[in-house]
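Visitor: Please show me the model, and let me ask about it piece by piece.

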Amino acid sequence: MKSSDGDTGLSTARLDVVAQLARTASAPMTPLQRMVGLQLVNERVAARGRRRAPWKPWMVVSLLGAAAVTGAVVVGSSSFFQTAGPETGALAYKIEGGTVGDGGYIRSFDPAGSLLRFGEGTELRLMAGARGRLSSVDDKGARFAIEEGEAEVKVTPLPGARWLVDAGPFLITVRGTVFTAAWDGATERLDIRMKKGLVSVTGPVADGVMAVRAGQHLSINMRKKEILLREIDGPEARSDAPSQTPSADAFAPASSRIPGTRPAPMGSARTALASGSRSWAAALAAGDLDLILGDAETRGLRRSLWETSSEDLAALADAARYRRRDDIARQALIAERERFPRSSRARDSAFLLGRLEESKADAESSARALKWYDLYLKEAPSGAYSSEALGRKMTATERLRGVSAAREVADQYLRRFPRGTYAGAARALRETP
């Protein structure tokens, strides 16, 4: 191909040289900076394509320079954006009906909202008028914050996947599942409607883990300190009085409370688990908590703890926590740390062990919880639970050591998470005489 000045087009070798110069011209950038840079590149490419302008060497250098400034990486001709370099293995994604701006904030230009599609099939749709932010993306999944309005989430169930959704001050841990979540800041209300699978919810009002499964609707009113769990289009399941936490019985399988349905036969399901045709992780994604616990006890708890995979150990710990079987949960989390000490699940186990200790609400347990939170923050300073671990460390420190000691943690929290779940409590601590 000939350019207008008579020179031949850029050869592959020359392009490689220019690309290498662009990559080495700046310091490594964060995944979110890469997103912004890549969007800039794609928008410019699309605009020039529409004008059918001839390509010049300076155009290539300009675009590659823009990518270098933000750390963006172009992935061939794929329509997905790569949020990090290939060496990180971070998931690729694309956005329809909007753009990702500074800080990961989603700006919708479609009246119907915007849609995030990830390369492995997961989709997250922000409904009309909703505001959200893509906090982080890695090779296991992503973390997304719903700051106002409603979002629909469809997570592809893959081994080791990890998806987190912040909705106001609540954290939703997602398995392979389909659900909608809505946060109304004006009324301080959370609504989750499960269509498929299982999620766990932690946050204010209910001091513990709440499991919400297919066919259920969870509504939390923070002002009234009220929790309501019911079948979708069915009878009310539970309405908690202020400061109460739903019991394990509130989360019995949906089929056991819907008229005209029956639970699956326990024997056949356990046989499938024992034969290895179905993992505990898959059973957790389907919401079969009791089957996991029953299978572990049938095999023998000690054998289960020391022979199962890391992923299934995590599923056992989750099932036990959701069913308030803290003794089994604790043993599974400790086994995770001892057997797989270099894994991300082992690091997460430190945080979850802190939560188990803190739920006892006595001084000795709170002191142990503090140690676990400190260990987690040391092992995973930017981990998925880092904001919550630091916030809980702050509140536990205030209970054990007083406002003065907690104020130092509050300062640290606000420096790292100025818009985090515990930011309000941190500011209140700083203003306390």
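Visitor: Which residues point one way from strand 9, and which the other way?
Guide: This is a predicted model, in which local features need pLDDT of at least 70 and side-chain atom pairs count only at pLDDT 80 or more, while totals for chains, interfaces and linings use all residues. Residues are numbered from 1 along each chain as its sequence is written, and side-chain values use heavy atoms, with hydrogens and water left out. A strand here is a DSSP run of E with at least two residues, a helix a run of H or I with at least four, both numbered from the N terminus. From strand 9, one way is taken by W163, V165 and A167, and the other way by L164 and D166.

Visitor: How many residues of strand 9 are buried?
Guide: Buried means under 20% relative accessible area, exposed over 50% and partly exposed in between, with a 1.4 Å probe and protein chains only. Strand 9 covers residues 163-167 and is mostly covered. The buried count is 5 of its 5 residues.

Visitor: Which residue in the turn of the hairpin has a positive phi?
Guide: The hairpin is formed by strand 9 and strand 10, with 2 residues between them. In that turn, a phi of about 60° belongs to G168.

Visitor: How are the rings of F118 and W163 arranged?
Guide: Rings of Phe, Tyr and Trp (its six-membered ring) pair if their centres lie within 6.5 Å; planes under 30 degrees apart count as stacked, over 60 as edge-to-face and the rest as tilted. By this rule the model has 9 aromatic pairs. The centres of the F118 and W163 rings are 5.0 Å apart and their planes stand at 75°, so the arrangement is edge-to-face.

Visitor: How far apart in sequence are the parts that the F118 and W163 pair ties together?
Guide: F118 and W163 are both buried. F118 belongs to strand 5, residues 114-118, and W163 to strand 9, so the pair ties together parts whose separation in sequence is 45 residues.

Visitor: Is the pair of Y413 and F417 edge-to-face or tilted?
Guide: Y413 and F417 are both buried. Their ring centres are 5.3 Å apart and the planes are at 50°, so the pair is tilted.

Visitor: How many residues of helix 8 are buried?
Guide: Helix 8 has 13 residues and reaches 18 Å from its first C-alpha to its last, close to the expected 18 Å, where the expected span is 1.5 Å times one less than the number of residues. The buried residues of helix 8 include L313, L316 and A320. Helix 8 is mostly covered, with a buried count of 11 of its 13 residues.

Visitor: What is the relative accessible area of L429?
Guide: L429 lies in helix 14, residues 423-431. Beyond its neighbours within four places in sequence, L429 is in contact with residues including M394, V403 and R407. R407 is 22 residues away along the chain, and its C-alpha atom is 5.8 Å from that of L429. L429 is buried, because its relative accessible area is 5%.

Visitor: What share of the residues of the protein count as buried?
Guide: The secondary structure comes to 14 helices and 17 strands. Of the 433 residues of the protein, the buried share is 45%.

Definitions and conventions
Two strands pair if DSSP finds at least two bridges between them. Contact means heavy atoms within 4.5 Å.
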